[in-house]
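Please look through the structure below before reading on.

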Amino acid sequence: YSAATPVTQTFNINAITPTAPTLVTAEPGAYRIVATWTAPSDLGGSTLTNYIISYAQQSDFADEMQFTSTNLSESIGGLLKQHKYRIRVAAVTSAHLTSDWSNVLEATPFGSPAAATNVVPVQTGTGIVQISWQATTDDGGTPITGYTVRAYDSLGNLSDKSCSIMT
């Protein structure tokens, strides 16, 4: 018997584009939106490198901003209050393949309300001041539930005579 002839064969294994992640929530906050998504169901034979988080105000994403993350949830900060944003996510694998974009979710962050106007203090007795004001029409995107009135002395120092008023 003679020894079998060695056989050498080379295979190229091509990675497959991963499936898209699923964007689950886009929760608005103060000048931010917290987006949460699930991982792709199939990474195409590769390992996950990171996610691309994309957000925009325009529905066609023409004004898109992006950043990357390895997390399944990210806070997108520095947003304008009371402006609608659209968010989507894509996965990138170690084979340098990027998934299609996830579904798109929309959210509108809130912010600080505008200050009350026409503030009028009237001294009604020794150490007693009655204050009236015009409530703002800009609630920052969430209902105003109260006001804080701060008193200052004649030198501009904050007094311990401040109070909160619930509406």
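Predicted model: local features only at pLDDT ≥ 70, side-chain atom pairs only at ≥ 80, totals over all residues.

Residues are numbered from 1 along each chain as its sequence is written, and side-chain values use heavy atoms, with hydrogens and water left out.

Start with the secondary structure. The protein has zero helices and eleven strands. Here helices (H or I, at least four residues) and strands (E, at least two) are DSSP runs, numbered from the N terminus. The radius of gyration is 28 Å, well over the 15 Å that the globule rule gives for 167 residues, so the protein is more spread out than a compact globule. That radius is taken over C-alpha atoms, and the rule is 2.2 Å times the number of residues to the power 0.38. Along the principal axes, the C-alpha atoms fill a box of roughly 120 × 35 × 25 Å.

Next, surface and contacts. The protein exposes about 11,100 Å², and carbon and sulfur atoms supply 53% of that area. Areas come from the Shrake-Rupley method with a 1.4 Å probe; for residues, only the protein chains shown count as cover. Of the 167 residues, 25% count as buried. Buried means under 20% relative accessible area, exposed over 50%, and partly exposed in between (1.4 Å probe, protein chains only). Take the contacts (heavy atoms within 4.5 Å). Among those between residues at least 6 apart in sequence, 54% join residues at least 24 apart.

Four strands form an open sheet in the order 4-3-6-7, with antiparallel pairing. Strand 4 (65-69) and strand 7 (105-107) stand at the edges with a single partner strand each, so one side of each has no neighbour in the sheet. Neighbouring strands are turned by 30 degrees against each other on average, direction ignored. The axes are lines fitted to C-alpha atoms, for helices over the stretch in contact, and angles run from 0 to 180 degrees between N-to-C directions. Two strands pair if DSSP finds at least two bridges between them. Strand 3 (residues 48-56) and strand 6 (residues 85-93) run antiparallel and are joined by eight bridges. Y55 has I87 in strand 6 as its bridge partner.

Finally, where does W133 sit? W133 lies in strand 9 (residues 128-134). Its relative accessible area is 26%, which makes W133 partly exposed. Beyond neighbours within four places in sequence, W133 is in contact with A116, T117, N118, V119, Y147, V149 and I165. The C-alpha atoms of W133 and T117 are separated by 5.9 Å, although the two residues are 16 apart along the chain.
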